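Have the sequence and the 3D view ready.

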Amino acid sequence: MLIYESLHNKKKSDNEVIEILSDLNFSLEKYKKSLKYTNLYLSSNPRDVNKLYMKAVCLDNLNKIDESIEVYKRIIELQPYNTKAKESLISIQEKKASVF
């Protein structure tokens, strides 16, 4: 909460603060918290491909493979030529196949 208050005092919008908290938790590999803030951010920016990618990575690291696959598919819908998302989708599908 201290980080939130500190950022707010610098006159950042709520959405900017949420984005920073999403990025911060992601960089600290706190994927559950990052996912929480990423979802909040995406609720007002649903077409932000970078945040969607972050969400997919968080879900993958939380072993929510099917949800992660759906997010990668959404990215590809928004950007059909996004090779990073396509490669990640193939990789996670292979990961899923090897588990079963």
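In helix α5 of this predicted model, the buried residues are I65, S68, I69, V71, Y72, I75, I76 and L78. Their cover includes α4 (49-61) and α6 (83-99). The helix itself runs over residues 65-78, and its 14 residues should span 20 Å at 1.5 Å a residue.

Now look at the charged side chains. The model has 5 salt bridges, and one of them joins D66 to K96, with their closest N and O atoms 2.5 Å apart. Because D66 sits in helix α5 and K96 in helix α6, this pair ties together parts that are 30 residues apart in sequence. D66 is partly exposed at 47% relative accessibility, and K96 is partly exposed at 28%.

E77 counts as exposed at 58%, while R74 is partly exposed at 30%.

Next, turn to K51 and D23, whose side chains meet in a salt bridge at 2.3 Å, N to O. This pair links helix α4 with helix α2 (residues 14-27) across 28 residues of the chain. Is K51 buried or exposed? Its relative accessibility is 4%, under the 20% cut-off, so K51 is buried. D23, at 31%, is partly exposed.

Finally, find S34 in helix α3 (residues 31-44). S34 is buried, with a relative accessible area of 0%. Beyond its neighbours within four places in sequence, S34 is in contact with S22, N25, F26, M54 and C58.

Notes. Residues numbered from 1 in each chain as written. Predicted model: local features only at pLDDT ≥ 70, side-chain atom pairs only at ≥ 80, totals over all residues. Heavy atoms only, no water. Helix = DSSP H or I, 4+ residues; strand = E, 2+ residues; numbered from the N terminus. Buried < 20%, exposed > 50% of the residue type's maximum accessible area, 1.4 Å probe, protein only. Contact = heavy atoms within 4.5 Å. Expected span 1.5 Å × (residues − 1). Salt bridge = Lys/Arg side-chain N within 4 Å of Asp/Glu carboxyl O.
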